[in-house]
Amino acid sequence: MALSFAVGAYSSPIIMCKVANVNNNSHMQDLSYIKRAAEISDKSAGFTSPHPNFGCVIATRSGEVAGEGYLYAQGTKPAEVLAVEAAGERCRGATAYLNMEPGDCHGDHTAVSALVQAGITRAVVGIRHPLQHLRGNAIRALRSQGLQVDVLGEDMQSKLVEEARKECLLVNLPLIYRAASRVPFSVLKYAMTLDGKIAASSGHAAWISSKLSRNRVLALRGRSDAIIVGGTTLRRDNPRLTARHGGGHMPIRIVMTQTLNLPEEANLWDLSEVSTIVVTQRGARRSFQRFLASKGVEVVEFDILNPRDVMEYFHDRGYLSIFWECGGTLAASAISSGVIHKVFAFVAPKIIGGKNAPTPVGELGMVEMSQALDLIDVCFEQVGPDMLISGFLQPIPDLTPTIPSEDETFAIDPTVDPFESSIIFFYKTWDPYGAFSNFSPHPIQMPDEDGNYATWSSIEHYYQASKFIGVGDPIAQDCIEKIKLAKSPEEAARMGRLTQRQHPNLVRSDWESVKIDVMYRALKCKFSIYPHLNSMLLSTAGSVLVEASPHDLFWGGGREGEGLNYLGRLLMQLRSEFLGESSSASESTCLAL
């Protein structure tokens with residue numbers, strides 16, 4: 001089977017991959033179910049912004065599958081909970097197969113608790129969690145509850161085990177590479193003729209590859225956080241860069257240009273479906289920056305524009321994967337900067353010739369074949385009349401030996417406290433303090449216009465819906481209901497923002513003056529009803545809390561502290577209020593004594 005971003009994502013009748021021969025052994029059943037867990041974990045790809053892919057298969061002692069589940073998105077029910085719900089009483093004495101260690105967050109051990117309470121007696125884990133502050137936590141928690149936990153490559157070893165483990169690695173490549181390299185997982189894609197041209201000498205490039213290959217590219221786009229092109233590609237092709245895969249997640253479009261020499265009329269300035277970000281050199285064409293801002297296009301300036309700095313910036317924004325569809329000059333710069341991890345090359349059975357016809361990768365400074373970059377784990381796949389060649393420019397990061405978790409580090413050296421800091425940053429829900437995010441999976445109950453309480457899946461669900469509460473238009477009411485039913489905070493945010501952008505008349509007239517209070521009341525509810533979150537917040541006393549979004553200058557702190565950080569401010573205000581209540585309660589107790 002060909003492996004692209006994930007296991008089982010794209011298959012074809014003619015596929016040849018360089019893989020080791022595998023012999024049957026006593027682990028066949030275990031490994032078959034682990035592979036199944038990896039396969040089903042990929043089912044949500046392309047429907048929400050990329051996230052860790054979790055799958056769980058529960059098998060009875062007799063070897064029958066009792067239940068399966070996969071994580072749809074962060075903030076939705078964990079794969080383990082869904083599998084337990086599907087299996088019911090058949091969980092007693094059964095084995096759970098997990099492609100990756102659960103990422104239970106800050107004492108809210110939903111996945112672990114589900115397995116323990118269901119009566120699971122054994123768990124087989126494909127890989128430990130790639131993020132250091134989560135790594136090993138769930139495995140230790142399961143073992144402490146008496147479950148036998150086997151980890152591929154650690155407790156189970158063989159050639160067949162290594163193959164299954166690799167499938168578990170492949171299905172979460174974006175998270176693994178991002179954790180290891182501090183930049184998003186980046187894929188370079190191009191289509192070229194048999195003689196290595198990506199366009200004719202005139203620049204005309206439509207269409208080199210077949211329709212089947214182009215459909216494959218659309219699917220690949222939909223699995224990414226963002227698609228990046230250079231200014232030359234925008235000027236020459238005027239692309240739309242949409243995924244067009246039937247709804248769900250649409251990747252952000254990014255244009256990277258030093259000079260900002262871009263046309264005023266371009267498909268990427270149409271933000272009706274998805275946003276566009278332009279990254280450029282500081283000070284470039286100020287008047288054109290103002291023009292883009294008037295269109296709603298975000299412009300991000302860099303002192304020196306290079307792929308490494310740009311990717312580090314988008315890493316800080318929380319992106320997991322970037323899909324590069326740029327020309328040869330930018331592709332060469334990205335490869336030289338070491339930010340490209342994988343290559344997809346569609347080779348069409350065509351010859352176009354031309355000494356000046358562009359090629360997919362520009363000058364890399366190599367003068368001898370011995371300097372050539374070799375792809376790793378190369379796969380060949382026929383897609384219609386074209387040949388797809390894919391492989392890695394950088395090896396998959398090795399997750400062994402196990403990196404000590406923060407608890408283990410503290411046990412070795414009590415002077416090392418990773419949370420001791422005068423400034424505490426939080427942003428994505430997978431961060432150490434990710435539970436502070438309004439996207440964290442903690443339902444809240446808030447009163448509606450009639451004073452009746454309704455349950456919202458997260459603060460973000462409630463916040464986005466509040467934009468339209470009180471507006472009499474039926475479309476606004478329909479939007480509120482759709483946001484409330486959104487499967488994840490990411491979907492709720494996408495719905496709310498898109499409606500606000502497309503139908504500004506539906507947003508309540510007082511929104512700008514009340515949105516801080518809306519967020520405050522939602523935060524107060526969340527940190528009042530979850531004791532472990534309240535304890536975490538109080539434990540930060542004496543530290544400044546900063547929402548580390550580099551682009552949200554209202555709720556976040558911005559790239560260089562220029563943001564207003566209202567989310568951090570509200571959390572610090574709540575912390576003071578809670579601490580004040582604790583002090584008052586203590587004083588009352590003392591007086592009573």
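## Strand E2 and its sheet

Gly55 has its place in strand E2 (residues 55-59), where helices (H or I, at least four residues) and strands (E, at least two) are DSSP runs numbered from the N terminus. The model is a predicted one, in which local features need pLDDT of at least 70 and side-chain atom pairs count only at pLDDT 80 or more, while totals for chains, interfaces and linings use all residues. Residues are numbered from 1 along each chain as its sequence is written, and side-chain values use heavy atoms, with hydrogens and water left out.

At 1% relative accessibility, Gly55 counts as buried; buried means under 20% relative accessible area, exposed over 50%, and partly exposed in between, with a 1.4 Å probe and protein chains only. Leaving aside neighbours within four places in sequence, Gly55 is in contact (heavy atoms within 4.5 Å) with Ala37, Ile40, Ser41, Gly69, Tyr70, Ala79, Tyr97, Leu98 and Asn99. One of these residues, Leu98, is 43 residues from Gly55 in sequence, yet the two C-alpha atoms are 5.9 Å apart in space.

Strand E2 belongs to an open sheet of five strands, in the order E3-E2-E4-E5-E6 and with mixed pairing; two strands pair if DSSP finds at least two bridges between them. The edges are strand E3 (65-70) and strand E6 (148-151), each of which pairs on one side only. On average, neighbouring strands of this sheet are turned by 15° against each other, direction ignored, with axes taken as lines fitted to C-alpha atoms (for helices over the stretch in contact) and angles running from 0 to 180 degrees between N-to-C directions. Within the sheet, strand E4 (residues 95-100) and strand E5 (residues 122-127) run parallel and are joined by five bridges, and Thr95 stands opposite Arg122 in E5.

## Nonpolar cores

The largest nonpolar core has 54 residues, and those with the most contacts inside it are Ile58, Ile120, Val149 and Leu152. Such a core is a set of buried Ala, Val, Leu, Ile, Met, Phe, Trp, Tyr and Cys residues joined through side-chain atoms within 4.5 Å. Helix H1 (residues 28-41) gives this core its largest share, six residues. A second, separate core of 43 residues includes Phe426, Ile444, Ala454 and Trp456.

## Arg221 in helix H7

Arg221 is found in helix H7 (residues 211-222), and at 10% relative accessibility it counts as buried. Its side chain reaches the backbone oxygen of Thr242 at 3.0 Å. Not counting residues up to four places away in sequence, Arg221 touches Ile227, Leu241, Thr242, Pro251, Phe323 and Glu325.

## The enclosed helix H13

Helix H13 (residues 459-466) is largely enclosed by the rest of the structure, because eight of its eight residues are buried. What covers these buried residues includes strand E17 (444-447), strand E18 (453-456), helix H14 (474-485), helix H15 (489-502) and helix H16 (511-529). At the start of H13, a side-chain oxygen of Ser458 reaches to within 3.3 Å of the backbone nitrogen of Glu460.

## The chain as a whole

The chain has 18 helices and 19 strands, and buried residues make up 52% of its 593 residues. Among contacts between residues at least 6 apart in sequence, 70% join residues at least 24 apart. The chain exposes about 26,200 Å², of which carbon and sulfur atoms supply 52%; accessible areas come from the Shrake-Rupley method with a 1.4 Å probe, and for residues only the protein chains shown count as cover.

Terms used. A polar contact is a pair of N or O atoms within 3.5 Å; within protein, one must be able to donate a hydrogen and the other to accept it, and residues adjacent in sequence count only if both atoms are side-chain atoms.
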